[in-house]
Amino acid sequence: MERLDKILANTGRWSRKEARELVRAGRVAVDGVTAQAADGKYDPAARFEVDGETVSGERLVYLMLHKPAGLVSATEDPRQPTVLELLPQHLRRVGLFPAGRLDKDTEGLLLLTNDGPLAHRLLAPRNHVDKTYFVRVDGELDGADAAAFAAGMMLEDGLACLPAGLEVLEQPDTALVTLHEGKYHQIKRMLAARGKPVVYLKRLTMGPLMLDPALERGEWRPLSAEEVAALRQA
């Protein structure tokens with residue numbers, strides 16, 4: 001149980017002082033009942049409304065972002081725009097960060113959260129959370145490329161890659177690649193070693209989480225309770 005003004009402030013949309021003013025003005029309801037005191041204590045999982053708009057009292061936030069090319073996967077960067085700049089101000093104040101990175105020119109699924117322990121578990125190499133990508137190359141992919149990926153690759157620069165999946169699609173310059181790890185520029189480096197450099201890369205899945213086809217580039221949405229539960233079990 002937490003104070004109402006603290007719960008509202010934790011959303012990042014109001015300060016504690018502003019939250020108290022909202023309550024005094026009768027603009028806050030909890031489970032359908034107008035709140036009377038800012039120091040009243042409530043379960044953060046209750047239903048909170050401000051001016052009739054539902055707001056989440058939960059501290060942990062989970063967002064699915066369809067990352068466009070041209071943005072870096074970081075919370076801040078002095079020289080380049082970041083993925084957090086796609087979010088409204090109140091969500092940029094609750095400590096969100098990308099759970100894993102996509103290259104600046106890579107598109108697709110990116111999880112933004114302030115749940116550090118969950119992000120750590122998803123990214124820990126020992127957990128081997130699969131990630132699937134759509135890739136287009138300069139050249140034509142074939143069974144030999146799929147076999148090389150399946151066997152694991154030792155690159156000339158010394159990078160040892162675990163076995164990975166490569167499924168050539170109907171157009172031979174495209175494929176689905178499934179990684180069980182996430183090393184720096186891994187897909188690009190593996191395919192460059194095969195003489196077929198990547199010209200387009202898009203992440204489609206991260207463990208059980210799939211990119212919502214309804215999200216356009218640059219759009220985002222909160223994860224459903226079912227999606228969050230699936231990630232916690234991954």
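In what order do the strands of the open sheet of 4 strands stand?

**The whole chain**

This is a predicted model, in which local features need pLDDT of at least 70 and side-chain atom pairs count only at pLDDT 80 or more, while totals for chains, interfaces and linings use all residues. Residues are numbered from 1 along each chain as its sequence is written, and side-chain values use heavy atoms, with hydrogens and water left out.

Select the protein chain. Its C-alpha atoms fill a box of roughly 70 × 35 × 30 Å, taken along the principal axes. The chain holds 6 helices and 17 strands; these are DSSP runs, helices being H or I with at least four residues and strands E with at least two, numbered from the N terminus. Of the 234 residues, 44% count as buried. Buried means under 20% relative accessible area, exposed over 50%, and partly exposed in between, with a 1.4 Å probe and protein chains only. Among contacts with a separation of 6 or more, 62% are between residues 24 or more positions apart; a contact means heavy atoms within 4.5 Å.

**The open sheet**

Select β3, β2, β5 and β6. The strands of this open sheet stand in the order β3-β2-β5-β6, and the pairing is antiparallel. Two strands pair if DSSP finds at least two bridges between them. Strands of a sheet pair through backbone hydrogen bonds, either parallel or antiparallel.

Now look at the edges. Each of β3 (33-34) and β6 (53-55) has a single partner strand, so one side of each is left without a neighbour in the sheet. Strand β2 (residues 28-30) is joined to β3 by 2 bridges, and the two run antiparallel. Pick A29 to find T34 of β3 opposite.

**Helix α5**

Select α5 (186-193). Which residues of α5 are buried? They are Q186, I187, M190 and L191. These residues cover an arc of only 120° around the axis, which puts them on the same side of α5. The arc is that of the directions from the helix axis to the C-beta atoms. An α-helix has 3.6 residues a turn, so residues three or four places apart point the same way. Step just past α5 to G195, which takes a positive phi of about 75°.

**Salt bridges**

A salt bridge is a side-chain nitrogen of Lys or Arg within 4 Å of a carboxyl oxygen of Asp or Glu. By this rule the count is 15.

- Select R194 and D145. They form a salt bridge whose closest N and O atoms are 2.7 Å apart. R194 lies in the loop between α5 and β15 (198-206) and D145 in helix α4, so the pair ties together parts 49 residues apart in sequence. R194 is partly exposed, at 30% relative accessibility, whereas D145 is buried at 0%.
- Select R189 and D157. Their salt bridge has its closest N and O atoms 2.8 Å apart. R189 belongs to helix α5 and D157 to the loop between β11 (153-154) and β12 (160-161), 32 residues apart. R189 counts as partly exposed at 25%, and D157 as exposed at 51%.
- Select E227 and R221. Their side chains meet in a salt bridge of 2.8 Å, N to O. E227 is buried, with a relative accessible area of 19%, while R221 is partly exposed at 21%.
- Select R3, D5, R16 and R20. Salt bridges that share partners join these residues into one network.

**The loop at G139**

Select G139, in the loop between β10 (131-137) and α4 (143-151). Is G139 buried or partly exposed? It is partly exposed, with a relative accessible area of 32%. Leaving aside neighbours within four places in sequence, G139 is in contact with P172 and D173. The C-alpha atom of G139 is separated by 9.1 Å from that of V198, 59 residues away along the chain.

**The largest pocket**

Select R101, G182, K183, Y184 and H185. Of the 31 residues lining the largest pocket, these lie nearest its centre. The elements that give two or more residues to the lining are α3 (116-123), β10, α5 and β15. The largest share, 3 residues, comes from α5.

The pocket has a volume of about 700 Å³. On a 1 Å grid over the protein atoms alone, a cavity is a set of points where a 1.4 Å probe fits but cannot get out, and a pocket is an open set with protein on both sides within 12 Å along at least five of seven lines; lining residues have an atom within 4 Å of a point. Grid points are joined across faces, edges and corners, and a volume is the space filled by probe spheres set on the points.
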